[in-house]
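This report describes helix packing, nonpolar cores and a few individual residues in one protein model. The structure comes first, and the description follows.

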Amino acid sequence: MSAGQTMFPRMLSPMRVGTHTLRNRIIMGSMHTRLEHEDRADQRQRAFYGARAAGGTALIITGGFSPNAAGMIEPGGPVMDANSDLAPHRAVVDEIHRHGGKILMQILHSGRYAKHDDVVGVSNIRSPINPRTPRPLTDAEIEQTIDDYVTAALQARKAGYDGVEIMGSEGYLINQFTAARTNNRTDQWGGSAENRQRFPVEIVRRVRGAAGPDLLLMYRISALDLVEGGSTAAEIDRLAAAVEAAGADILNTGIGWHEARVPTIAFSVPRAAFAFAVKRLKNAISIPVVASNRVNMPELAEQLLAEGSCDFVSMARPMLADPDFVRKAAQGRPDDINTCIACNQACLDFIFSDRTATCLVNPLAGREIEFDPALPANPKRIAVVGSGPAGMATAATAAARGHEVTLFEEQTELGGQIHLARRVPGKTEFNEMLRYFSRQIERNEVDVRLGTRATADLLAAEGFDHIVIATGILPRHPDIEGIDHPSVLRYIDVLLDRVSVGRRVAIIGAGGIGYDVAEFLTHDHSTEDPVEHFLKEYGVDPTIATPGGLREPQPSRSPREVTLFQRRPSRPGKGLGVSTGWILRNRLLGRGAGAVAGVTYEKIDDEGLHYSVDGERKVFAADNVVICAGQLPDKALEQELRSRGIAATTIGGADHAEELDALRAIQQGVRLAYDL
Ligand code: NAP
Ligand code: SF4
């Protein structure tokens, strides 16, 4: 038995599903990547999915393909119909099979979520997240849509896929049928639960009938809708039993519609917070059940399998973060897994802004063909100065590629700004980033010099071939009268608990760090189990006795009164991540925190923060004023080296402080390490 099999016996054991055997219990869940919009799209998709199969994933599910034009998520979105060219599909499928994996094509009809002009739905009830009003499908169109699912499944089989996943969660067309929230029809497709569930059950029945027993048929059910008027546990169990009877081999699960106001996958969701909904469902049916949502490490997957919550674990973002997740676990090296930190910054936020998904911690994701794996013929001696995300990523990657790397860090530990991020409630996943890069630095034998300030003299004396400056940022100290008043605190000291903070707090600056500090200061440090705390705060009913599994939220009480200030007149928090900003803003609102825009700062004194808005003078009586007014690049070393005529490359915050961000820092670092 290998080390990995001893550590993760259930996760690594094969299981029979329908007429297929899956080699272990890890599934790469479906994720829309937008790779199809890039140049050399076919090559990119083959490399992207192929890397995940080569890394040991048992089953891969593609992004959604619509069964017809109306179901497309956006104009030009992927469709699988009778006219589709199957050659690019075959290339991907063959690559997966070559690596011993299996692959399903997901069939997804967007319904009222579609971002194009011919939006159809079950009814004309508009989604709160789409300005377009859907046109209700006629009875004949519903029949035709079911036929289109069958055609898509048969085409998928012709292309070599092992099967299909029928996407029935997240609020897309199938969910719009199943929930009373969106289905007000009075014909055979609306009214009773049986009628509302007829559409998905008919799809599964007809696909199975047309494709025969060999097609691996997965149905993705919404195990918890998290919207008013959503399904109850009894309705969900009824649907699960009906799709099993209609011919589904395996049930995948989804949590929450896209329009739900409860976060489901962001960093603020505790790991495996929704496992209860999957476990409940597993007890209701006999076919295998797949868990998803906020499972990002093999230890947790093993635990869920061992406690009988599920038969498989599906991960989408963790597979972007590390294509070799399963292989590393199987080799007994879970510490070498590059862990998804649930930030959404380079995956979902990119997709929502019409960019192609990649990953903050793994810039190769979706860009595999842009990185030449061949190792450099002439390895160099490289100095990296600074060990924040940019420096650590550069040092680890360059050393893994054969260079001799020395990493200088002025502090006594590696990590730089990661130590601040990981202190923010809900951002503890940054610990994994620190663990991963530290481990790679150790594994690839980087010469780490802690507590060492790298001066131009020191660097010149050692005669490096290349110097990389990743010295990061210096927090901006704004020019406001009274800025040196004793009540004024630096955000670094606050986050590192170096100072005590009073009850009434003004925060100057409402950017990413201002919001992080507000979250930190208003967090209720109760000792309650984090999952229970989360479910209470967001009003999630773990019994799902209520429609959508919602009940009255119980927002936690803030220990402080906090207000954020900014000079710009725009909405505070506007620059936060698309898929996470609303969570931060709503949480703070629930805790009574305020935000004031369009201010002019007057002064800070014993009374507090004096400011004016539209010419009207005001005072915020603050015990403390915390400065989160952005950053300046730390260019001291760059200037010192330049004055001595020593060449160097500057990356991360030291390059562009206004974009101080792990996303940019790691991307720059890894790309540079490949170019050296
Ligand atoms: P930021 O997002 O650029 O915000 C800086 C804030 O300081 C702004 O609210 C700005 O507002 C204010 N400001 C700038 N100059 C000022 C001055 N001279 N006097 C007073 N106020 C001033 O910078 P950050 O908060 O330091 O964050 C840095 C980076 O980290 C950003 O790229 C951010 O995206 C990223 N980050 C993101 C998150 C997240 O999304 N959750 C968390 C942490 C960090 P006005 O100019 O309008 O006053
Ligand atoms: Fe995970 Fe963030 Fe990477 Fe997305 S960008 S896969 S959330 S680490």
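## Cores and helix packing

In this predicted model, the largest nonpolar core comprises 153 residues, and F199, Y219, L251 and M433 have the most contacts inside it. Beyond its neighbours within four places in sequence, L251 is in contact with Y219, I221, A240, V243, L281, I285, I287, P288, V289 and V290. There is also a second, separate core of 27 residues, with V505, Y515, V626 and A657 among its members.

Two helix pairs are considered next. Two packed helices are described by the angle between their axes and the distance between the axes.

On the α14 side the contact is made by M392, A393, A395 and A396, and on the α16 side by L434, F437, S438, Q440 and I441. By type, the residues of this contact of α14 with α16 are seven nonpolar, two polar and no charged.

The second pair is α19 and helix α21 (residues 581-590), whose axes come within 10 Å and cross at roughly 40°. These helices, α19 and α21, are therefore oblique to each other. The crossing of α19 and α21 is left-handed. Helix α19 contributes Y515, A518, E519 and T522 to the contact, while α21 contributes L584, R585, R587 and L588. The contact of α19 with α21 divides into four nonpolar, one polar and three charged residues. Y515 of this contact is also listed in the second core.

## Helix α10

Which residues of helix α10 (residues 298-306) are buried? They are P298, L300, A301, E302, L304 and L305. The elements against which these buried residues pack are α1 (3-7), β3 (26-28), α9 (275-282), β12 (312-315) and α12 (325-330). Just after α10, G308 takes a positive phi of about 75°.

## Individual residues

E445 has a phi of about 55° and is found in the loop between α16 and β15 (447-450). I544 has a phi of about 50° and is placed in the loop between α20 and β20 (561-565). Are these two buried or exposed? E445 is exposed, with a relative accessible area of 69%, whereas I544 is buried, with a relative accessible area of 0%.

Three further residues can be described by their surroundings. H523 lies in the loop between α19 (512-522) and α20 (530-537). The relative accessible area of H523 is 17%; since buried means under 20%, H523 counts as buried. Not counting residues up to four places away in sequence, H523 touches P425, P559 and R591.

S500 belongs to the loop between α18 (491-495) and β19 (504-508). Its relative accessibility is 66%, and exposed means over 50%, so S500 counts as exposed. With residues up to four places away in sequence left out, S500 touches L489 and N624. The C-alpha atoms of S500 and L489 are 9.5 Å apart in space, and the two residues are 11 residues apart in sequence.

T563 is part of strand β20 and, at 12% relative accessibility, counts as buried. Leaving aside neighbours within four places in sequence, T563 is in contact with V505, A506, I507, G594, A595, V596 and F620. One of these contacts, V505, is also included in the second core.

The accessibility values are collected below.

| Residue | Relative accessible area | State |
|---|---|---|
| E445 | 69% | exposed |
| S500 | 66% | exposed |
| H523 | 17% | buried |
| I544 | 0% | buried |
| T563 | 12% | buried |

Conventions: Residues numbered from 1 in each chain as written. Chains lettered and ligands numbered in written order. Predicted model: local features only at pLDDT ≥ 70, side-chain atom pairs only at ≥ 80, totals over all residues. Heavy atoms only, no water. Contact = heavy atoms within 4.5 Å. Helix = DSSP H or I, 4+ residues; strand = E, 2+ residues; numbered from the N terminus. Nonpolar A, V, L, I, M, F, W, Y, C, P; charged D, E, K, R; others polar. Buried < 20%, exposed > 50% of the residue type's maximum accessible area, 1.4 Å probe, protein only. Core = buried A, V, L, I, M, F, W, Y, C linked by side-chain atoms within 4.5 Å. Axes fitted to C-alpha atoms, helices over the stretch in contact; angles between N-to-C directions. Parallel < 35°, antiparallel > 145°, perpendicular 65-115°, else oblique. Left-handed = near helix turned anticlockwise from the far one by under 90°.
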